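Hello,

Please find below the structure I said I would pass on. My notes on it follow.

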Amino acid sequence: MPIFITFRYSSTLRAAKGNQGMSKRNRASEELSASSLEGSRLKDVYQIEERIAKGGMAWVYRAIHSRLGGQVAVKILFDEHAAEPAISQRFLNEARIQYSIRHPNVLQVIDIIEESGVFGMVMEWMDGEDLKQWLSRRSGPISLISFWKLMYPILEALQYVHERGTIHR
């Protein structure tokens, strides 16, 4: 079954500054919206600090693990996808599969979230920038050496997951 895997490379997520002083909201009793979780606490552990990215199916937030004190990335399925049982189940299955993958070039999933209509996965946090930002700092063509340094860790991770029967799409 094809799944999405979040690969680690030297330039990944970079938190944008802002939304720092937002009030904490305890929204356990109300329906949550995937697009506006800043200030919320999920599973009574993950304090959502700021929304940092939008993907094809989910928002990504930077959060603090309130008991351990470290930063985590929380990927939350869009509301319209969370409302579809087949999509939300596939998303959670992908999180479980990624949780089982142990490779230095794959971000580790550390928890899943299923509460108040929100479906998500909690992943280790990695400072850096995404590929689009990395490319925007370059002028002209990328050298073969730079391309290889960028792609080699990703290809290693792809080989690792493919050898274990997982197909990345």
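A strand here is a DSSP run of type E, at least two residues in length, and strands are numbered from the N terminus. By that definition, Ala53 belongs to strand β3. Please keep in mind that this is a predicted model.

The sheet: six strands form an open sheet in the order β2-β3-β4-β5-β7-β6, and their pairing is antiparallel. The edges are taken by β2 (41-42) and β6 (109-115); each has a single partner strand, so one side of each has no neighbour in the sheet. Helix α2 (residues 85-100) packs on this sheet and touches β4 (58-65), β5, β6 and β7. The direction of α2 makes about 160 degrees with that of β6.

Within the sheet, β5 (residues 71-77) and β7 (residues 118-124) are joined by five bridges in the antiparallel sense. Ile76 stands opposite Gly120 in β7.

The cores: the largest nonpolar core has 17 residues, and those touching the most other members are Leu42, Tyr46, Val74, Ile76 and Ile113. Two or more residues come from each of β3 (46-54), β4, β5 and β7. Beyond its neighbours within four places in sequence, Val74 has contacts that include Leu42, Trp59, Ile113 and Met121. Another core, of 11 residues, lies apart from this one; Met57, Ala82, Val109 and Phe119 are among its members.

Back to Ala53: is Ala53 buried, exposed or partly exposed? Its relative accessible area is 28%, so Ala53 counts as partly exposed, since buried means under 20% and exposed over 50%. Ala53 and Lys75 are 22 residues apart in sequence, and their C-alpha atoms are 9.1 Å apart in space.

Regards

Terms used. Residues are numbered from 1 along each chain as its sequence is written. This is a predicted model: local features need pLDDT of at least 70, side-chain atom pairs count only at pLDDT 80 or more; totals for chains, interfaces and linings use all residues. Side-chain values use heavy atoms; hydrogens and water are left out. Two strands pair if DSSP finds at least two bridges between them. Helices (H or I, at least four residues) and strands (E, at least two) are DSSP runs, numbered from the N terminus. Contact means heavy atoms within 4.5 Å. Axes are lines fitted to C-alpha atoms, for helices over the stretch in contact, and angles run from 0 to 180 degrees between N-to-C directions. A nonpolar core is a set of buried Ala, Val, Leu, Ile, Met, Phe, Trp, Tyr and Cys residues joined through side-chain atoms within 4.5 Å. Buried means under 20% relative accessible area, exposed over 50%, partly exposed in between (1.4 Å probe, protein chains only).
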